[in-house]
Each structure stands twice: as C-alpha cells, then as structure tokens.
Amino acid sequence: MDTRLLEKFFRGECSVEEAREVRSWFDAESDKEHLLRHLQDRWQRFEVPEEITPEHDPAALLENIHARLQKERDEESKQVSSQLGSTNQFYFLRVAAIIVLAFGLSFLVQKIMSAEQRPEISYLEKEAPKGKQEAVMLPDGTKITLNADSRLSYPVEFSGNKREVKLEGEAFFEVARDEKRPFTIVSGDLLTTVLGTSFNVKAYQGEPEISVSVAHGKVKVSRFDMTNQAYYLSPGKEAVYQPDKKSFTVQEFEAKETLAWKEGILYFKDATFEEVKKRLERWYGVEIHVVGKAAQEWQYSGIFERQSLDNVLLSIGYVKHFTYEKNGNQVKIIYNNA
C-alpha cells in the first residue's frame with residue numbers, strides 16, 4: 001500500500017477508485033499483519049499529545065475499523081442505485097472520518113497535511129561488513145558498536161520528541177540520556193525504548209530469535225503490534241523473542257558470553273555446528289563449505305580471544321575430527337570420515 005495514497009484516504013481526498021483500493025487493502029486478511037505494523041508505524045511517527053493514552057492497541061483498533069466499515073456497507077446497500085456516485089463519495093469521506101476517530105488522533109490529519117511543508121528527514125546508513133566491527137556516534141551523543149554483518153539506519157539529526165533508529169544484525173548501545181526524548185530501536189518485530197542506558201540487541205535476519213540484553217539502566221521491549229504489552233528489563237536481564245511463535249521469554253544472561261564480541265572474543269557455549277559455522281563466517285568474513293558429514297551431531301564450547309581463523313579452525317577441528325582448506329575467503333571443512 002502506497003503511503004501517500006493511505007494519507008490521501010485519511011484526509012478524505014481519494015477518488016472512488018482510489019478509495020476502493022484502500023478499502024480492499026483493509027479487507028484483505030492476508031495483509032492484516034502488515035496493516036497492523038503500518039498502523040503502529042503511523043502512530044510512532046507523530047508526536048502524541050499528553051491526552052492520548054499510551055495504551056494504544058492497533059489490533060483492537062483494526063477490529064473496530066472493520067466493524068465500522070461493515071456497518072457503513074450495510075447502510076450503503078440501502079441507497080438507491082441512482083444515487084450511487086454521490087453515495088460513494090460521501091461513503092468514503094465517512095470512512096476517512098471513522099478511521100481518524102478510531103485512532104483518537106484528530107491532530108493526525110493536521111500533521112499529515114502539514115508534512116508536505118516540512119523537509120523530509122534525511123537518513124544515514126552505517127554497515128559493518130562480515131569480518132569487521134564498526135563504531136557509530138549519533139547526533140545526540142549515543143555510542144553504538146556494530147557487530148559484523150550488521151546495518152544501522154538513523155537520521156542525520158533527531159527532531160521532535162523521540163529518537164529512533166533501525167537495526168538489522170547485532171549492536172551494543174550506550175544511549176545518551178535525554179528524559180524528554182526516549183530512544184527507540186526498531187529491530188524486526190520489536191521496539192526497544194530507553195531514556196539512557198547500555199544494552200545489546202541481536203536481531204539477525206533469518207535467525208529464530210531476537211534478543212535484548214541489558215547491561216545498565218532499564219529497557220522497555222514490546223512488539224510492534226502489541227505496544228500495550230511491554231516487558232521492562234533491569235541489568236542482567238534479557239528478553240528473547242521468537243518471531244515464528246510470537247512469544248517472549250525473559251531470563252538472566254551471562255554478560256561474558258553475550259557481550260564477549262565487543263572485546264574481540266569469540267565465545268561458544270554448547271554451540272551446534274551450524275551455529276559455529278555461521279559465527280565464523282560473520283566474524284572472519286568467509287564462506288564455509290562442508291565436505292562429508294560428522295559422525296554424529298555435536299556441540300562445541302570454547303573461547304578465542306583475538307585469534308586467527310587458522311588457529312580457531314585447527315583447535316575446533318582437532319576436537320571434532322575435521323581438517324580444512326583455505327582459498328581466499330573460501331573455506332572448505334573436510335570431515336575425515338567422508
């Protein structure tokens with residue numbers, strides 16, 4: 001759904017065809033998750049006045065919108081066909097008004113209408129490629145360390161009453177305190193909000209878990225579509241989210257394991273072969289291929305402080321009975337029982 005078209009719909013400026021397209025988008029059950037995320041994103045973009053309750057629930061809001069749309073359809077079906085063109089016009093204007101009322105955001109229309117007069121926010125992107133880590137200093141003084149194979153998107157300058165960045169991968173945040181402007185990290189399905197603290201976020205694309213681990217201060221973690229159900233983490237606690245199950249687990253974590261990467265330490269604890277392979281590929285910027293198969297499934301524990309890839313592979317290979325060959329950034333692991 002084109003954001004500009006949705007904003008026209010909010011203002012009641014759509015043609016009949018455009019409005020029909022928006023209504024079809026609302027009706028599509030397959031798009032419900034995307035719609036919830038989009039509604040939440042619209043909420044997050046604008047400054048929320050004090051009279052608006054923070055317990056905003058997009059899921060309940062969407063159900064409300066659908067119910068009201070159905071009521072409007074029932075009323076529309078009673079209109080005579082000769083008045084169809086006029087009915088459609090006023091129907092969609094009413095729907096636009098319904099959505100604004102359902103949001104409880106009368107100010108939203110004014111914000112959107114004035115957006116064209118405001119310059120667009122410029123964003124920068126910082127990437128730490130495989131095999132490297134990168135340090136980033138944000139305009140507000142926040143320090144961020146990106147782990148290998150990670151990307152951070154952030155505005156050239158923070159404006160309004162919040163500070164928001166987007167992360168894909170893993171990073172350690174040391175957030176500059178600003179009680180008037182919370183700091184928010186968008187990572188996958190999660191929103192992590194703080195005033196000023198230090199914590200680790202791990203949200204690699206394609207991995208089964210997203211984790212937020214707190215070193216100092218207090219952190220609020222919630223899903224995009226369930227911001228009224230938040231978890232508050234104190235030092236030594238982490239929230240682990242499983243996107244496929246849409247479930248959270250709050251637990252204690254070992255700082256020496258979770259934060260070891262910041263000190264140049266590879267830390268494995270009961271890691272499967274696939275976990276070891278993926279970590280080594282990111283850490284050293286290589287591609288690992290396997291010849292043969294291990295005699296049995298295995299787990300590995302070990303600590304390597306600023307060691308070369310050769311030393312790591314020799315050590316693990318000795319324990320797990322494989323040899324290896326290197327050619328540039330291509331590594332071949334060969335199981336001796338192949």
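**Close-up 1. What surrounds the second largest pocket of this predicted model.** Strand 8 (198–203), strand 9 (210–216), strand 12 (237–242), strand 13 (247–252), helix 7 (255–258), strand 14 (265–272) and helix 8 (273–284) each put at least two residues into the lining. Helices here are DSSP runs of H or I with at least four residues, strands are E runs of at least two, and both are numbered from the N terminus. The space inside comes to about 1,000 Å³. Of the 36 lining residues, Lys202, Glu207, Glu257, Glu275 and Arg279 sit closest to the centre. By type, the lining splits into 14 nonpolar, seven polar and 15 charged residues. For the bookkeeping, a pocket is an open set of points on a 1 Å grid over the protein atoms alone, with protein on both sides within 12 Å along at least five of seven lines, and a lining residue has an atom within 4 Å of a point. Points are joined across faces, edges and corners, and the volume is the space filled by probe spheres set on them. Nonpolar covers Ala, Val, Leu, Ile, Met, Phe, Trp, Tyr, Cys and Pro; charged covers Asp, Glu, Lys and Arg; the others, Gly among them, are polar.

As for ground rules, this is a predicted model in which local features need pLDDT of at least 70 and side-chain atom pairs count only at pLDDT 80 or more, while totals for chains, interfaces and linings use all residues. Residues are numbered from 1 along each chain as its sequence is written, and side-chain values use heavy atoms, with hydrogens and water left out.

**Close-up 2. The largest cavity and its lining.** A cavity is a set of grid points where a 1.4 Å probe fits but cannot get out. Searching the whole structure turns up two cavities of 30 Å³ or more, and the largest cavity holds about 40 Å³ of space. Its lining is made of Phe273, Val276, Lys277, Leu280, Ile288, Trp298, Leu313, Ile316, Phe322 and Ile333. Helix 8 and helix 9 are the elements that give two or more residues to this lining, and helix 8 has the largest share, with four. Sorted by type, that's nine nonpolar residues, no polar ones and one charged.

**Close-up 3. Helix 9 (309–320) and its buried face.** Helix 9 has twelve residues and reaches 16 Å from first C-alpha to last, close to the 16 Å expected at 1.5 Å a residue; the expected span is 1.5 Å times one less than the number of residues. Buried here (under 20% relative accessible area, 1.4 Å probe, protein chains only) are Leu309, Val312, Leu313, Ile316, Gly317 and Lys320. Seen down the axis of helix 9, these buried residues fall within an arc of 120 degrees, so they line one face; the arc is taken from the directions from the helix axis to the C-beta atoms. On the face turned away from the buried side are Leu314 and Tyr318, both exposed (over 50%).

Close-up 4. Strand 7 is mostly covered, with four of its five residues buried. Two strands count as paired if DSSP finds at least two bridges between them. Thr193 is the bridge partner of Thr184 and stands opposite Lys220 in strand 10. Strand 6 and strand 7 form a hairpin with two residues between them, and Gly188 in the turn has a positive phi of about 65 degrees.

**Close-up 5. Positive phi at Lys246 and Arg306.** Most residues other than glycine have a negative phi. Lys246 has a positive phi near 50 degrees; it sits in the loop between strand 12 and strand 13 and is partly exposed at 39% relative accessibility. Arg306, with a positive phi of about 50 degrees, lies in the loop between strand 16 (299–305) and helix 9. Arg306 is exposed, with a relative accessible area of 60%.
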